[in-house]
Amino acid sequence: SFKQNFYCDLAQAHETSIQKDKSDVEYIKLNLESKADILEAENETLLEQNRSLNEKIEEYNQSIESIQSEQQYQSGEELDRSNARIEEYTSAINAAQKTIQDNEEKIQATQQKADDLRPRAAEIS
């Protein structure tokens with residue numbers, strides 16, 4: 001009776017160990033997939049920010065064009081104020097373009113990381 005119970009307990013322990021190993025592997029796989037999903041979500045946020053910045057750049061360019069068309073009727077102090085506004089818009093455009101460029105570099109880097117994680121997760125079984 002002892003011998004039979006001992007071997008049954010060993011078999012059960014071995015089966016439990018296999019199940020635990022499998023759950024650890026599944027956890028690792030899920031963890032890798034989650035990391036890839038998070039990176040891709042970050043990319044979506046950056047892409048949305050770039051779209052918003054591009055819209056602002058378009059608005060700034062339209063404002064500059066509008067100011068420039070009015071400048072032909074301006075002189076003195078008015079002309080100085082409109083030139084200052086153009087400089088402000090130009091500065092804002094440059095800052096937005098720099099942010100877009102930085103975001104695009106981040107997107108490429110994080111997409112590469114996500115692309116590296118997906119096959120690693122797929123290999124785990």
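Student: Is Glu42 buried, exposed or partly exposed, and what is its relative accessible area?

Tutor: The structure is a predicted model, in which local features need pLDDT of at least 70, side-chain atom pairs count only at pLDDT 80 or more, and totals for chains, interfaces and linings use all residues. Residues are numbered from 1 along each chain as its sequence is written, and side-chain values use heavy atoms, with hydrogens and water left out.

Glu42 is partly exposed, as its relative accessible area is 39%; buried means under 20%, exposed over 50%, and partly exposed in between, with a 1.4 Å probe and protein chains only. Glu42 lies in helix α1. The chain has two helices and zero strands, where helices (H or I, at least four residues) and strands (E, at least two) are DSSP runs numbered from the N terminus. Between the C-alpha atoms of Glu42 and Lys106 there are 9.4 Å, although 64 residues separate the two along the chain.

For the chain, among contacts with a separation of 6 or more, 82% join residues 24 or more positions apart; a contact means heavy atoms within 4.5 Å. Of the 125 residues, 18% count as buried.

Helix α1, which covers residues 2-71, also holds Glu55. Glu55 is exposed, with a relative accessible area of 52%.
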